[in-house]
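Subject: Structure for you to look at

Hello,

Here is the structure I said I would pass on. Please open it alongside this email; my notes follow below.

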Amino acid sequence: MGIHLDGNTMAGALAELFAVDVSIAVVECAGCGHTGVVAEAVVYADAPGMVARCSECSDVLLRLVRSENRAWLDMRGVVCLRLDIPD
Amino acid sequence: MARAAVLGRLTWRVGTLVAFRDETAAARTLVFQIPDWPGHLAGQHLDVRLTAPDGYSTQRSYSIASAVDGDLVELTIERLPDGEVSLYLSQVLSIGDQIELRGPIGGWFVWDPATDAPVLLIGGGSGVVPLMAMLRTRQRLASGTPFRLLYSVRDPAAVLYEAELETLQSADPTLEVHYAFTRQTPAGHPRRAGRIDGAFLAEFGFAATLTPTVFVCGPTGFVETVAGLLVAAGHDPHRVKTERFGPSGGSSDGHSS
Amino acid sequence: MPGIVSPGFFGRRHEVGPALPPGQYLVRDFPVLSAGPTPRVTTETWEFRIIAETGETRTWDWAAFRALPADDVIVDLHCVTKWSKLGTSWRGVSIDALLDGIATQAEYVLVHSYGGYTTNLPLRDLRHGQAWLAFAYDGSDLTPEHGGPARLLVPHLYLWKSAKWVRGIDLRTTEQRGFWEQLGYHDYGDPWLEQRYSDD
């Protein structure tokens, strides 16, 4: 608790919302410009929601909250998300 | 393809416990039958959701321990002190019981058998579970890709899959398994108790010049220390894939909802 | 309610008492939940600032803050993640004392923490003995993992409103949502009305 994990932790929750695997998406941090896969982001999953932070500057990249039948996803910390779409 | 995304929204399925075996005093492997299981890549995980009669519900993630085997999927659960989910799964769940599962999940921490690069697996505690899926898949495919497993574990009694690892490596010169016992070593063990350090990596791991793919899994502190050692030893950070578990080595069995 | 019931699973909770808000369960430990790395703030550099909508600003350093009279309080904590911890003892300066003398028409506040966390609530919920800037828990200095050097304590609302590592409070005439309120959590957060999410 209070310890961080990584974006692999968010993969399941994101897979409920998206038809593609967002954990392997490449994101650019809106704070510092660092790019990396969501799977390697620093994730705090103990909180009232999941928070993914940039591994370089610690700014928030994504935030996800789930209630029983609703999800809130905030991606203002990401400039751009690059996804591979299979054929 | 290892990096292929999965099309279609992931939803909960029901799995039935059909068998189990105790790996150590604190760890049990559960075998679930999951109808219409689409298969999985070595390294992927499942989310498990438990619901109490009053509606209280909680989730945890567990790495898949097995290679693809029809609709059978194995998880190895390490019982954490005061862990409400690990206690239930490793002691209460009985043959024939059903639980909700979601998966397979995760396209990053997966081994792609189509690549030729040697593979260095570094696991701390229960971090060895997804690495075992990779070894079992390699075995199933009769892959000749050179693999080395560096397994950091408290003491001999805590080793998971010991007999199987011995069998796999004794029959296969392209596979090596090396243990780092951190608290207590077996009698006659050539190294003193201690964590994986730069010297251990240099002696037992693949050199950076061989450009191996490296998978590191275990508690967050372990993963980040080892990742730092790898980069310091010259490994390309882009070739090092990491998966962090909670502080005790299993995915956080705390108060996540 | 999520799907099938898991046979024989009851969870860690041992007690669901009559004194608990709906949906809560009792814990004996003190869970640490965080949205980011624990800020490491020394009392040498610590500052707390209240900025009114007029621009009027009051600032305290640690010495000035600790020179204010403090209360010992025993309160119940209710976290939106469903755990409750009863009878916790804290020592802190009443927010009334900090607001004393600041002229304001503001109805709302936005609380700021070291590390970037924010939360919003009505200003009236910080007044009249309902809130403290707490610097000690259970007889000892508040540890960083629980929000030290000082955290907000507003026990009548869900615990995410009791911001850890507090550095300031903005008094506002319009409501601005904080970190979790932007992501669907309730603007008010009364545990007794189970106001967890914005659509509750």
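Two strands are said to pair if DSSP finds at least two bridges between them. By that rule β3(B) and β4(B) pair, in the antiparallel sense, over seven bridges. Please keep in mind that this is a predicted model.

The strands of chain B. One of the bridges links B:Leu50 to B:Thr58 in β4(B). β3(B) and β4(B) form a hairpin, with five residues between them. In that turn, B:Gly55 has a positive phi of about 100°. β3(B) also pairs with β6(B), residues 98-105, again in the antiparallel sense, over four bridges. Here B:His45 stands opposite B:Ile105 of β6(B). Six of the seven residues of β3(B) are buried, so the strand is mostly covered.

The helices of chain B. Helix α1(B) spans residues 84-92, and its buried residues include B:Val85, B:Tyr88 and B:Leu89. The buried residues of α1(B) pack against β2, β3, β4 and β5 of chain B.

Helix α5(B), residues 220-232, has 13 residues and reaches 18 Å from its first C-alpha to its last, close to the 18 Å expected. Among its buried residues are B:Phe222, B:Val226 and B:Leu230. The buried residues of α5(B) pack against β1 of chain A, and also against β7, β8, α4, β10 and β11 of chain B. After α5(B) comes B:Gly234, with a positive phi near 100°.

The contact between chains B and C. Chain C gives 16 residues to this contact and chain B gives 21 residues. On the chain C side there are nine nonpolar, five polar and two charged residues.

Regards

Technical notes: Residues numbered from 1 in each chain as written. Chains lettered and ligands numbered in written order. Predicted model: local features only at pLDDT ≥ 70, side-chain atom pairs only at ≥ 80, totals over all residues. Contact = placed C-beta atoms within 7 Å. Nonpolar A, V, L, I, M, F, W, Y, C, P; charged D, E, K, R; others polar. Buried ≥ 20, exposed ≤ 12 C-beta atoms within 10 Å, placed from the backbone. Helix = DSSP H or I, 4+ residues; strand = E, 2+ residues; numbered from the N terminus. Expected span 1.5 Å × (residues − 1).
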